[in-house]
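Hi everyone, thanks for coming.

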Amino acid sequence: MSAPLGKDLLGLEHLSAEQITLILDTAEPLREISERAIKKVPTLRGATVVNLFFEASTRTRISFEFAEKRMSADTVNVATSASSVIKGETLVDTAKNLEAMKIDMVVIRHASSGAARFLAERIESNVINAGDGTHEHPTQGLLDMLTLRRRFGTLVGKRVCIVGDVLHSRVARSNIWGLTKLGAEVAVCGPRSLLPTAIADFGVQVFDRVEQAIEWADALNVLRLQLERMTAGYIPSLREYNRVFGITRERLDRAPRDILIMHPGPMNRGVEIDSEVADGPHSVILDQVTNGVAVRMAVLYLLAGNAPALAEAARKATADD
Ligand code: CP
């Protein structure tokens, strides 16, 4: 069996446009499995997947777990607080001990940038990065792209502005790499203190005022202020941030076109986004969550190396129903 993505999914920076498109195309028919009364296909029967989460997560961990279970994999969840990591065991020792119990894949979230690659280079199992520090969150980038592609039909020429705390955001990096490879125009907007100093190297446009971003964009991907990663006073206050950069209904009402509103979650309502917008007609925030399960099913499946068979099975299953 060929493995079209290679052994691991560590980020989108080093994937080709063809590989990203393959993941999105594979995810598309897999969405239907989650609509069934019995949400299960046998594709990964016999595979054992460990979800190794060293950082808090609601959406990503549960979404991976649903994806694994809906494809009939056996899953084990390991959280830092309940593992021997708190006794001083290293990341690699933890993973090697899991491998000694004969596992096939590891999904890892870690606070350190590069942790997923570090692990992937040291174990045989497939490694999927579920978010490493401020580096990348590839499945979030992919589900964002799937959501946009389903709404717009194509990403080519679409204008996506990432608004907020880009400096600390792995979601921003995965979005920038993925969207630009698939032909979208990407911009960022936020206080200069929350943009990387080398932002120009990413090949994106920069807006200093959120009103300019709203005038330009077809979609806004609104980011949370990652206060837990901030080591200095990056903004005067949350109230001031909302006043200057918050996505409010009043601001959207002045947009020259309908704008899709995205947010990777978790949201801080009343800070980066107002509830009227998060729950309003432009919001695709819960579509992103739904698409996340299909994207993760696609990634698990493609890393398992049998893409044509599942795509055919998923196509047949969709046609038969
Ligand atoms: N989008 C995202 O990564 O959310 P969680 O931190 O809840 O997994």
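Let's start at glutamine 140: one of its polar side-chain atoms is 3.0 Å from a nitrogen atom of the ligand. That's a polar contact, meaning a pair of N or O atoms within 3.5 Å. Threonine 60 has an N or O atom in its side chain 2.6 Å from an oxygen atom of the ligand. Glycine 265 uses its backbone instead, with an N or O atom 3.4 Å from a ligand nitrogen. On its own the ligand exposes 250 Å², and the protein buries 92% of that (accessible areas come from the Shrake-Rupley method with a 1.4 Å probe).

Quick note on the source: this is a predicted model, where local features need pLDDT of at least 70 and side-chain atom pairs count only at pLDDT 80 or more, while totals for chains, interfaces and linings use all residues. Residues are numbered from 1 along each chain as its sequence is written, and side-chain values use heavy atoms, leaving out hydrogens and water.

So who else surrounds the ligand? The residues around it include Ser57, Thr58, Arg59, Arg109, His137 and Pro264, where near means a heavy atom within 4 Å. The shell splits into 1 nonpolar, 6 polar and 2 charged residues, with Gly counted as polar, Pro as nonpolar and Arg as charged.

Now zoom out. The protein is divided into domain 1 (17–137 + 291–316) and domain 2 (139–288), with bounds from an automatic or database domain assignment.

Definitions and conventions: Polar contact = N/O pair within 3.5 Å; in protein donor to acceptor, adjacent residues only side chain to side chain.
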